[in-house]
Amino acid sequence: MKFLHTSDWHLGKVLFEHSLIEDQKCFLNQIMEELEKGKLENDPYDALIVAGDIYDKAIPAPEAVPLFSEFLREAHDRFPELQMFFSSGNHDSPTRLSFASSLLHIQNIHIVTEGKKCDEGILVGDEKKGTAAVVYQIPFLQQGSLFDSDGNVLRHQDELLNEACERIRKAHEKFNDRKIPAVVSAHVFAGNSSLSGSERNFVGTAEQVDGKKFKEFDYAALGHIHGKQNVSGENVCYSGSPLSYNFGEKSDKVMLSVKVSEKGIEKKEVPFVPLHKVTRIEDTYENFLGSKYDGNMEDYLEMICTDTIVHENPLGTLKEKFPNLLSFRVARSASAGQNLALAERKKAIENIASGDYGKLFDLFMKDVYRNNPDEEGADVYDSEKKLFAEIAKEVEAGEE
């Protein structure tokens with residue numbers, strides 16, 4: 001059975017108040033192109049598996065819902081035999097995502113948002129040709145999503161996942177004699193080793209679980225972590241998100257093309273080509289304005305300035321060259337230097353009883369302009385300094 005594994009679409013995502021809807025249309029088109037490529041090469045995909053976080057918010061952005069709807073319509077029209085699997089992630093509203101799921105199920109679109117449906121597998125492919133597999137879906141499991149065999153409410157992710165995997169294992173027993181592989185989709189934060197005692201690690205609202213729990217299945221298509229990675233061998237994998245959704249994420253985004261059979265799995269990465277790269281640059285303001293970063297003019301940018309001086313309206317000036325500049329900030333080291341200068345000025349103010357207003361003026365000008373004035377500007381500087389001292393004395397006398 002051949003399928004395409006992806007996850008964490010986060011439709012409707014906004015990055016620094018900038019809508020990414022056009023970028024998301026681009027990666028959805030690339031998924032469609034990969035499905036079409038398989039068809040043209042006479043090696044079609046049997047399934048598309050999307051492991052959670054379809055939307056970015058429980059109440060999706062208005063433009064996100066029709067985007068998802070249009071994708072489903074086009075994919076079903078072009079590939080009517082394709083089985084599509086969508087499960088809810090921690091960003092999704094199970095109620096909203098599952099709207100019309102019974103009707104969509106008839107159209108080979110399988111949306112699972114309830115933990116109790118995790119063992120309702122769908123047979124995909126052709127069993128007679130030996131290309132079949134059963135797909136099970138584990139949505140993001142909230143507290144109380146499942147009960148144990150004694151009717152006790154399960155609260156922690158490791159307990160919930162244990163129960164879900166046990167239910168799937170039992171449900172799949174009827175296929176074991178036929179040697180049909182089991183593929184599990186799950187939206188979880190999976191570690192690659194067992195947790196000890198009460199140790200609990202979190203990403204978002206997801207509690208870390210042992211990734212080895214999935215080893216008993218032929219393939220586990222995981223979602224929630226945005227970076228592609230293997231968790232426990234080649235058959236327990238995160239595809240990662242199609243786009244970089246913050247400036248700290250790596251930009252090498254992929255979907256995974258997977259073939260699974262009783263002999264094992266074959267897997268290859270299919271790269272996404274982003275409409276805009278998401279790039280972080282740390283350098284001087286002068287280098288930003290030069291030609292050094294001309295190749296990044298179309299990127300979504302975060303610029304970190306290493307200068308210790310204050311620049312007038314840097315964001316506005318830089319956006320003339322970099323229209324997709326979304327964030328500009330000063331490096332910590334520069335901020336620390338400014339804080340030191342500020343502390344020095346505060347100390348000068350506290351010790352102003354001597355009447356040396358010129359010292360305070362010197363500190364302020366040094367902080368703003370970094371250097372003392374050159375010889376040509378010395379007369380102007382001295383005049384400004386003298387005027388500042390006179391005004392300061394008049395203000396102080398008026399307060400008295």
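**View 1. Thr6 and its surroundings.** Thr6 touches Ile31, Leu48, Ile49, Val50, Ala51, Ser239, Pro242, Met255 and Phe272, leaving out residues up to four places away in sequence; contact means heavy atoms within 4.5 Å. The model is predicted: local features need pLDDT of at least 70, side-chain atom pairs count only at pLDDT 80 or more, and totals for chains, interfaces and linings use all residues. Residues are numbered from 1 along each chain as its sequence is written, and side-chain values use heavy atoms, with hydrogens and water left out. Thr6 sits in strand β1 (residues 2-6). Helices (H or I, at least four residues) and strands (E, at least two) are DSSP runs, numbered from the N terminus. Thr6 has a relative accessible area of 0%, so it is buried. Buried means under 20% relative accessible area, exposed over 50%, and partly exposed in between (1.4 Å probe, protein chains only).

View 2. Six strands make an open sheet with mixed pairing, in the order β6-β5-β4-β1-β16-β17. Its edge strands, β6 (109-112) and β17 (264-271), each pair on one side only. From one strand to the next, the twist averages 20°. Two strands pair if DSSP finds at least two bridges between them. Helix α1 (residues 21-40) packs on this sheet and touches β1, β4 (47-50), β16 and β17. The direction of α1 makes about 170° with that of β1. Helix α2 (residues 64-78) also packs on the sheet, touching β4, β5 (83-87) and β6. The direction of α2 makes about 160° with that of β5. Axes are lines fitted to C-alpha atoms, for helices over the stretch in contact; angles run from 0 to 180 degrees between N-to-C directions.

**View 3. The β16-β17 hairpin.** Strand β16 (residues 254-261) and β17 run antiparallel, joined by eight bridges. Two residues connect them in a hairpin. Val260 has Ile265 in β17 as its bridge partner. Ser257 stands opposite Lys268 in β17.

**View 4. Helices α1 and α2.** The two axes come within 11 Å and cross at roughly 10°. This makes α1 roughly parallel to α2. Angles under 35 degrees count as roughly parallel, over 145 as roughly antiparallel, 65 to 115 as roughly perpendicular and the rest as oblique. On the α1 side, the meeting residues are Ile21, Gln24, Lys25, Leu28, Ile31, Met32, Glu36 and Lys39. On the α2 side, they are Ala64, Leu67, Phe71, Glu74, Ala75 and Arg78.

**View 5. The largest nonpolar core.** This core has 38 residues, of which Trp9, Leu11, Ile31, Phe71 and Phe86 touch the most other members. A nonpolar core is a set of buried Ala, Val, Leu, Ile, Met, Phe, Trp, Tyr and Cys residues joined through side-chain atoms within 4.5 Å. Phe71 is in contact with Trp9, Leu28, Ile31, Met32, Leu48 and Phe86, its neighbours within four places in sequence aside. Apart from this core lies another, of 29 residues, including Leu146, Ala186, Ala220 and Val236.

**View 6. Gly12 and the β1-β2 loop.** Gly12 lies in the loop between β1 and β2. It is buried, at 11% relative accessible area. The C-alpha atoms of Gly12 and Asp56 are separated by 5.9 Å, although these residues are 44 apart along the chain. Neighbours within four places in sequence aside, Gly12 is in contact with Ile21, Gln24, Asp56, Ala61 and Ala64.

View 7. Phe16 is not a glycine, yet its phi is positive, near 50°. Phe16 lies in the loop between β2 (14-15) and β3 (18-19). Its relative accessibility is 44%, so Phe16 counts as partly exposed. Asn313, also not a glycine, has a positive phi of about 45°. Asn313 is in the loop between β19 (300-305) and α7 (314-319).

**View 8. The β7-to-β14 sheet.** Six strands form an open, mixed sheet in the order β7-β8-β9-β13-β15-β14. At the edges, β7 (122-124) and β14 (229-230) each have a single partner strand, so one side of each is left without a neighbour in the sheet. Strand β15 (residues 236-238) pairs with β14 in the antiparallel sense over two bridges. Asn230 stands opposite Cys237 in β15. Helix α5 (residues 157-176) packs on the sheet, touching β8 (133-138) and β9 (182-187). The direction of α5 makes about 160° with that of β8.
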